[in-house]
Amino acid sequence: MDTPPVIEGQEPQPEEPRRYGRKLFLATVVGGVSSLYWGKAAWDQVTGVVSPVAGAIAPILPTGGWRIYTISGHMPVFDPASWRLRIGGLVEQPVSLTYDELRSLPRAEQVTTFHCVTGWSVKNVHWAGVRIHDVLARAKPHASGHALQFTSMEVPYIDYLTLEQASLHDVMLAYEMDGKPLAREHGAPVRLIIPEMYGYKNVKWLQGIDVVDQAGQGYWEGLGYDKDAWVGRSNGY
Ligand SMILES: Nc1nc2c(c(=O)[nH]1)N[C@H]1C(S)=C(S)[C@@H](COP(=O)(O)O)O[C@H]1N2
Ligand SMILES: [Mo]
């Protein structure tokens, strides 16, 4: 993910509700997997220099230091009428939450730093959302469950946390970022946040959580990244 990427332009797709001046698809070091960057007019001016010096110029860009990633090149669309967060797997009572039901669970807030394994970070991100135990409570996980599988609407992006990891005090299912509903590019309507681990564990566009007996292999882990993505301790970074 840290080789200077190839930049290709792509016209905005007609069904996209939000228009950007341009989309830049950046092929990553992992063949065939693309990362998506975009921004408004500013990107056009920096096209060509963005990849080698992205870290240096990031603070002046409208993305506020974030780089937007998608494995598919197409961001899932959140439809409040049909979206559900499904809780299943090794549970007594599978649960399906609407967006309003999710929002009605106890609200948690935190300010934490977000780290991508490729070396960029965004400090002091203000998140609001729900704690995982509040989401799992109604489903009543079986004692045989030791891990959680997080499934994105962006197929086939999944990742896992052990129950122990998932119960760290600042693990969150975030539906707001910096005082606003989570934007589509950041994983609307809800994403996993685990500040102790690199970004690839922070699944965007969440649609399901399954209680499983043990943590399996997440999307990036299948491509060689560490299963336990502890910031500062994993992948030699
Ligand atoms: N569904 C999905 N979730 C994802 C990714 C992705 O490509 N698809 N990329 C991961 C990686 S590697 C990082 S660093 C963060 C980036 O978050 P951002 O796109 O909001 O900046 O999202 C993570 N979650
Ligand atoms: Mo990342």
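Reader: Which side chain of opposite charge is nearest to Asp170?

Author: Arg131, 6.3 Å away. Lys and Arg count as positive, Asp and Glu as negative; His and the chain ends are not counted. This is a predicted model: local features need pLDDT of at least 70, side-chain atom pairs count only at pLDDT 80 or more, and totals for chains, interfaces and linings use all residues. Residues are numbered from 1 along each chain as its sequence is written, chains are lettered from A and ligands numbered from 1 in the order in which they are written, and side-chain values use heavy atoms, leaving out hydrogens and water.

Reader: Is Asp170 buried or exposed?

Author: Buried, yet without a salt bridge. Buried means under 20% relative accessible area, exposed over 50%, partly exposed in between (1.4 Å probe, protein chains only). A salt bridge needs a side-chain nitrogen of Lys or Arg within 4 Å of a carboxyl oxygen of Asp or Glu.

Reader: What does Asp170 touch?

Author: Gln110, Thr112, Arg131, Ile193, Pro195 and Glu196, leaving aside residues up to four places away in sequence. Contact is heavy atoms within 4.5 Å.

Reader: Where does Asp170 sit?

Author: In the loop between α5 (163-166) and β10. Helices (H or I, at least four residues) and strands (E, at least two) are DSSP runs, numbered from the N terminus.

Reader: Why call β10 largely enclosed?

Author: Six of its six residues are buried, so the rest of the structure largely encloses β10.

Reader: OK, partners. Which strands pair with β10?

Author: β7 (121-130) pairs antiparallel over four bridges. Pairing takes at least two DSSP bridges.

Reader: What is in the β10 and β11 turn?

Author: Two residues separate the strands of this hairpin, and Asp178 in the turn has a positive phi of about 50°.

Reader: New topic. How many residues are in the largest nonpolar core?

Author: 52, with Leu102, Trp127, Phe150 and Leu173 making the most contacts inside it. β10 (172-177) gives the most, five residues. Such a core is a set of buried Ala, Val, Leu, Ile, Met, Phe, Trp, Tyr and Cys joined through side-chain atoms within 4.5 Å.

Reader: What is the strand order in the open sheet?

Author: β5-β4-β13-β8-β9, with mixed pairing. β5 (95-97) and β9 (158-162) are at the edges with a single partner each, so one side of each lacks a neighbour in the sheet.

Reader: How do β8 and β9 run?

Author: Antiparallel, joined by five bridges. Ala147 has Thr162 as its partner in β9.
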